[in-house]
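Subject: Structure handover

Hello,

Here is the structure you were expecting. Please open it alongside this note; what I found follows below.

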Amino acid sequence: MQGKTNPVTPAGYAAMKARYDHLLGTERPEIVEIVSWAAGNGDRSENGDYLYGRKRMREIDRELAHLALRMKAARVIDPAAQPDKTRAFFGATVTLADEDDNEKVVTLVGDDEQDASAGRIGWSSPLARALKGAAIGDLRSVRLPGGLKEWEVMAIAYA
């Protein structure tokens with residue numbers, strides 16, 4: 001992902017920043033305190049608080065580094081500022097229907113904010129790539145693990 005921008009909604013960026021601030025300002029200092037206390041208790045090789053604390057500190061540091069890189073590469077895009085609201089672009093909420101008239105509603109968001117169970121799909125996912133620039137009434141085919149699936153764009157909305 002080096003050199004690439006990371007499109008993200010304002011809410012997605014705020015969530016990443018809040019997670020970073022929580023880890024750095026709350027969780028990490030608590031773990032440092034536990035590790036310091038445990039280190040003063042003697043034999044570290046059998047001290048569960050010390051061993052778990054060190055492991056958790058490494059996990060936190062790894063996540064902080066990842067979040068810092070993602071936020072540095074972030075390009076905040078406000079979906080409400082989209083000039084052409086008749087087509088599906090970043091931040092659009094799209095209602096789709098398949099061949100059996102089963103409806104599906106998805107919102108095109110940054111890869112860091114995707115959550116399929118909530119209907120938020122990452123900007124670089126196959127479905128999002130197929131929907132880029134689509135207008136109401138367009139048919140789009142997506143190659144999924146189960147085979148080719150065709151969707152019709154029924155509605156497009158921006159928050």
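Both Phe90 and Trp123 are buried. Keep in mind that this is a predicted model.

**Aromatic rings**

I started with the rings. A search of the whole structure turns up one aromatic pair. Its partners are Phe90 and Trp123, arranged edge-to-face. The ring centres are 5.4 Å apart, and the planes make an angle of 85°. That counts as edge-to-face because the angle is over 60 degrees.

Where do the two residues lie? Phe90 is in the loop between β2 (74–76) and β3 (92–97). Trp123 is in the loop between β5 (120–122) and α3 (126–131). The pair therefore ties together parts that are 33 residues apart in sequence.

**Charges over rings**

Trp123 comes up again here. Lys132 lies over its face, at 4.4 Å from the ring centre. Another lysine to look at is Lys85. Its charged end sits over the ring of Tyr158, 5.6 Å from the centre.

**Asn47**

Next, a loop residue. Asn47 lies between α1 (10–39) and α2 (48–73). Is Asn47 buried or exposed? It is buried, with a relative accessible area of 11%. The cut-off for buried is under 20%, so Asn47 qualifies.

Look at Ala38 next to it on your screen. The backbone oxygen of Ala38 lies 2.9 Å from a polar atom of the Asn47 side chain. Leaving out residues up to four places away in sequence, Asn47 touches Ala38 and Asn41.

**Glu27**

Glu27 lies in helix α1. Its relative accessible area is 18%, so this residue also counts as buried. Which residues does Glu27 contact, leaving aside neighbours within four places in sequence? They are Arg19, His22, Arg56 and Ile60.

**Pro126**

Pro126 is found in helix α3. With a relative accessibility of 42%, Pro126 is classed as partly exposed. Pro126 touches Val142 and Arg143, again not counting residues up to four places away in sequence. I also checked Pro126 against Leu139. These two are 13 residues apart along the chain, and their C-alpha atoms are separated by 15 Å.

**Where to look**

For a quick tour, begin at the edge-to-face pair of Phe90 and Trp123. Go on to Lys132 over the face of Trp123. Then turn to the buried residues Asn47 and Glu27. Finish at Pro126 in helix α3.

Best wishes

Definitions and conventions: Residues numbered from 1 in each chain as written. Predicted model: local features only at pLDDT ≥ 70, side-chain atom pairs only at ≥ 80, totals over all residues. Heavy atoms only, no water. Phe/Tyr/Trp six-rings, centres within 6.5 Å; stacked < 30°, edge-to-face > 60°. Helix = DSSP H or I, 4+ residues; strand = E, 2+ residues; numbered from the N terminus. Buried < 20%, exposed > 50% of the residue type's maximum accessible area, 1.4 Å probe, protein only. Lys NZ or Arg CZ within 6 Å of the ring centre and 35° of its normal. Polar contact = N/O pair within 3.5 Å; in protein donor to acceptor, adjacent residues only side chain to side chain. Contact = heavy atoms within 4.5 Å.
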